[in-house]
Amino acid sequence: MLRVGSKAACMACRNLISTNLGVRYPVPLQKLHSLSRVIHHRYAGNTNPHRTAARYYTSMSRLPMRTPKPPPGSGGHGYQQQRNFWVARLAARLLRLRYILLGSAVGGGYTAKKTYDEWKDMLPDLSEYNWVIPDFVWELSEQIDLDKLAKALPEIEEIAKLLPDFDKIGENFTFLKSLLSSETSGDSSLKATDSSLSATQDGSEKQYKKSSDKERVDQLQEELLRTQLKYQRMLERLEKENKELRKVVLQKDDKGIHQRKVKKSLIDLYSEVLDILSDYDSNYNTQDHLPRVVVVGDQSAGKTSVLEMIAQARIFPRGSGEMMTRSPVKVTLSEGPHHVAMFKDSGREFDLTKEEDLAALRHEIELRMRKSVKEGQTVSSETISLSVKGPGIQRMVLVDLPGVISTVTAGMASDTKETIFSISRAYMQNPNAIILCIQDGSVDAERSIVTDLVSQMDPHGKRTIFVLTKVDLAEKNLASPSRIQQIVEGKLFPMKALGYFAVVTGRGSSSESIDSIKDYEEEFFQNSRLLRDGMLKAHQVTTKNLSLAVSDCFWKMVRESVEQQADVFKASRFNLETEWKNNYPRLRELDRNELFEKAKNEILDEVISLSQVTPQHWESMLQKKLWERVSTHVIENIYLPAAQTMDSGTFNTTVDIKLKQWTDKQLPHKALEVAWETLQEEFARFMAEYKGKDQDDIFDKLKEAVKDESIKRHKWNERAMDSLRVIQHNALEDRSITDKPQWDAAIQFMEETLQSRLKDTESVIRDMVGPDWKQRWLNWKNRTPEQHVRNETKNELERLLKLHDDHTAYLANDEVTTVRKNLEGRGVEVDPVLIKDTWHQLYRRHFLQNALSHCNLCKRGFYYYQRHFVDSELECNDVVLFWRIQRMLVITANTLRQQLTNTEVRRLEKNVKEVLDDFGEDMERKTHLITGRRVQLAEDLKKVREIQEKLEAFIEALHKEK
């Protein structure tokens, strides 16, 4: 081959192109044809595969070496030879021009083919992303006739006619190669000419290379950036067309064109699993290690803005410098025909294309956050679950956490900083959680707190993605843009990450739309020197690339860990089932809600059973309880004061007055209290009887709470109280005992009452004076000093009563003094108050004994009563009083029984139902009232089974999508 240097060949080629093609020298390499660049850089050390193809063609630029000039005086023959050689040289140059043109055509076609193959190889393999396209796209063949579409396209043979005949080009290339090989063996004088030409042009070649290197690098970078932006726009256009196509297909379902069963999407299945796990007891040993994207960052670093760009909607409440994210917000992103948002526990859909719905959604999120924060706290660990669907949204689950703060300001709880750190650690310590670390690029990197926290939780950066926000402000404010390069290359922070991204989330105005922010971000990076100078790579910028990278990382983590987590829950289920079989072999596995429903049915059955109580039982209980409640008042405040009067007229007058006062003020209230207590006792009695049959002790606390709350809510009808007062007043005014059985019943009632009171009084006196001589000798008991004093006082007062059998109920002062002096004479010091207390009990016993004697006399006094005790020394007005009381009790019991059976039992049943409904909606109260290991075990079993079933369904769908 030729022995001429490469630089000479390049200069010859450059001169040739400059002469024959009309290109002005110097020409940058970027503007030459690709084959020409290959020719120029054959010896430049570049390993481009096209250069091998042009290696043979470069030999065409070698001309025969020119023979040296003959020395002077050699004669005309030498001149003739020189002239003849000049003609041959001109012919050779013209012939070379033809070969160059023909070779350029052939080489251009060959290079075009190689360039096409290279571009084809550069395209990514999209087969791995088939899961991105929903099922309905693959079903388009049912709606679109692909055969007709294929027939409408041109045939492959017709397209092939448009391409060059590469076989002929190869033959011509071989022919030229052989031809040029023969020509290069010509006259050696041309080589000397080329050598001299190389020597003269060597300096200019170096200067050209040196001056054009920087320009070539700049042009290549600009060309690369334009190409990337071009393909980015092409991808966005294709995505937009894909959105419209999916929307049309889904809308056809609504119109009945293509009817099929709508299946839950993959991300919806996964989100349901996470929702169940969020309600699961975190203290249990089976913890939630399923992947989700945890978004952490310093306060006001732009976390919410990044999430909104990924969700393609301004969905979060915003505030300038104020803490807005007060609790974790789980956002499930998925694809759908319409851009909508919905809460987990609500059926309302918010249309994210309408500003009023966006404002309502932001307001609802803010209300839920404030509601979740307990009194005296600033942040809450309670998760708010939100789903966002829309065309082109990347499928993933993100959790936005409260921003990390360095200082607790006024109005915050003192433990706010520690609480935020605790919440962040709880989410980041999940070994399968992807940490999206947000760093504000407009502030000094040294002020960041979150990077240290993230590096502690993920020291090797195996699941961390770093995002630098507000890059536009960072480029504007930083004196050294290379600092941004250090951040995104992971050299400034000790924190490690899987990837580094730089984004722009708008100009800082809350009124900006997502589209305007996207346009601003694209325009910024297109004109930014950070990308132009190579400080940032094209794949590291824009939230679009960030969203794709996070989604890919999320699904990769899901595929790697979900089956392992399913096995963990399967093992947990086995352990729980084994524990249940060993401890509760004969009981059904009822969780807290099922136990509550069972208890609710039992309680309602018990309330309904109250209607089966007989009227006689109601009246008997009411009469007995009412007399127990009012007997003390009747004896102490009515009968005893009236019995102190001297004649029957005064006795009856005193009784009538006191009965009237009692009826107006106290008696109806007492009666209603007795009726309500009787109802409660019967309710409790039915519960106890039911408990003896098939009652579960686990319901005791709940039933007691339901009973107490129902009683608290029950209010008796005031109109019933007024009617009861009238009935009782009329009953007490009646004094006409019509027959002897009624008289005997009154005598018996009076006798039983007086005997009961006398028994109680004697018991009080025994307690006052201590044991008598028999008890002291038999039981070895002694009196206390106080009891000794009371016993002496009792003996002295009994002597007084024997002397004055008709003594009044009260001692006079001189009588108290006499008793005291008599006791002092026997060496007993006594207080006047003690004397009066002892007298009260002694006189009460004395009065009751006399009343009982009088009652026995009145047993045969009905005849005298009918004659109004005329011409009779026997007066039985006290018997009439007790008859009036007894009749009032009977009538009141009957009235209350009617009110209970007709009204109050039904009202109680209604109250119980309301209480049970309220308890059923209050999960916290149910948890407090239905407790125990059995309940907790059933709850855990239910949750673990549900989680396992959801995970298995998700894994099955995941395998189908692969």
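Visitor: Why is K660 counted as partly exposed?

Guide: K660 has a relative accessible area of 36%, and because buried means under 20%, exposed over 50% and partly exposed in between (1.4 Å probe, protein chains only), K660 falls in the middle class. This is a predicted model, in which local features need pLDDT of at least 70 and side-chain atom pairs count only at pLDDT 80 or more, while totals for chains, interfaces and linings use all residues. Residues are numbered from 1 along each chain as its sequence is written, and side-chain values use heavy atoms, with hydrogens and water left out.

Visitor: What makes the contact of K660 and D664 a salt bridge?

Guide: The N to O distance is 2.5 Å, and a salt bridge requires a side-chain nitrogen of Lys or Arg within 4 Å of a carboxyl oxygen of Asp or Glu, so the pair of K660 and D664 qualifies. D664, at 33%, is partly exposed.

Visitor: How do you know that E904 and R907 form a salt bridge?

Guide: Their closest N and O atoms are 3.5 Å apart, which meets the cut-off just given for a salt bridge. E904 is buried at 0%, whereas R907 is partly exposed at 29%.

Visitor: Why is the link of C858 and C876 called a disulfide?

Guide: The two sulfur atoms lie 2.0 Å apart, and since a disulfide is a pair of cysteine sulfur atoms within 2.5 Å, the name applies to C858 and C876. The link is left-handed, with -100° about the S-S bond.

Visitor: What makes C858 buried?

Guide: C858 has a relative accessible area of 0%, which is under the limit for buried, and C876 is likewise buried at 0%.
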